[in-house]
Amino acid sequence: LIVFCVGLDSSDVGATRNTRSLLYRAVTRAHMMVAVVNEHVRGGMLEFMGHVRLINDRRFDNESSSKMMKMNAAAEHIEHADELQKAQQLSGTAVDPIGVP
């Protein structure tokens, strides 16, 4: 009924697809609630969550929130990770997941 996702994020470029798959499976298996427990992982897929803040004195506005969404963000992250992994394989050097060698 309740799923706790613990330690599923990774900054490893090659693990990006696996991370996304594990999160998807965890969320779709839950019936009532999902909780993601994660440490700060620089360059990980969930890194942005460290910057999300609740503003107590505002009501949720679906219309303005929809305008802020970037529907293809996960796909762009995967594409970027694939490009970094290819660059790493071609150069034979390690590449930082946020794009800094």
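1. Helix 1 and helix 3 pack with their axes 9 Å apart, at an angle of about 150°. Angles over 145 degrees count as roughly antiparallel, so helix 1 is roughly antiparallel to helix 3. From helix 1, the contact is made by T16, R17 and R20. From helix 3, A74, A75, H77, I78, A81 and D82 take part. This is a predicted model.

2. Take one pair across this contact. D82 is found in helix 3. The C-alpha atoms of D82 and R17 are separated by 9.3 Å, although these residues are 65 residues apart along the chain. Both D82 and R17 belong to the helix 1 and helix 3 contact. Is D82 buried, exposed or partly exposed? Its relative accessibility is 22%, so D82 counts as partly exposed; the cut-off for buried is under 20%.

3. Helix 1 covers residues 16-29. Its length checks out. At 1.5 Å a residue, the 14 residues should span 20 Å, and the end C-alpha atoms are 20 Å apart. The buried residues of helix 1 are T16, T19, L23 and A26. Seen down the helix axis, these buried residues fall within an arc of 100°, so they line one face. An α-helix has 3.6 residues a turn, so residues three or four places apart point the same way. R17, Y24 and R29 are exposed on the other side of helix 1.

4. What do the buried residues of helix 1 pack against? The partners are strand 1, strand 2 (33-37) and helix 3. T19 is found in helix 1. T19 is buried, with a relative accessible area of 3%. Leaving aside residues up to four places away in sequence, T19 touches L8, D9, S10 and M45.

5. Helix 3 runs over residues 73-91. At 1.5 Å a residue, its 19 residues should span 27 Å; the end C-alpha atoms are 27 Å apart, which agrees. I78, A81 and L84 are buried in helix 3. Down the axis of helix 3, the buried residues fall within an arc of 125°, so they too line one face of the helix. Helix 1 is included in what covers the buried residues of helix 3. The face of helix 3 turned away from its buried side carries the exposed residues E79, K86 and L90.

6. Helix 3 is followed by G92, whose phi is positive, near 75°. Is G92 buried or exposed? At 67% relative accessibility, G92 counts as exposed, the cut-off being over 50%. The C-alpha atoms of G92 and G14 are separated by 14 Å, while the two residues are 78 residues apart along the chain.

7. Which residues form the largest nonpolar core? The seven are V3, C5, L8, L23, A26, A30 and L46. Strand 1 (2-6) and helix 1 are the elements that give two or more residues to this core. In soluble globular proteins, nonpolar side chains tend to be buried together. V3 shows its surroundings well enough to list. Setting aside residues up to four places away in sequence, V3 touches A26, R29, A30, M33, V34 and A35. Among them, A26 and A30 are also members of the core.

Methods. Residues numbered from 1 in each chain as written. Predicted model: local features only at pLDDT ≥ 70, side-chain atom pairs only at ≥ 80, totals over all residues. Heavy atoms only, no water. Helix = DSSP H or I, 4+ residues; strand = E, 2+ residues; numbered from the N terminus. Expected span 1.5 Å × (residues − 1). Buried < 20%, exposed > 50% of the residue type's maximum accessible area, 1.4 Å probe, protein only. Arc of directions from axis to C-beta. Contact = heavy atoms within 4.5 Å. Core = buried A, V, L, I, M, F, W, Y, C linked by side-chain atoms within 4.5 Å. Axes fitted to C-alpha atoms, helices over the stretch in contact; angles between N-to-C directions. Parallel < 35°, antiparallel > 145°, perpendicular 65-115°, else oblique.
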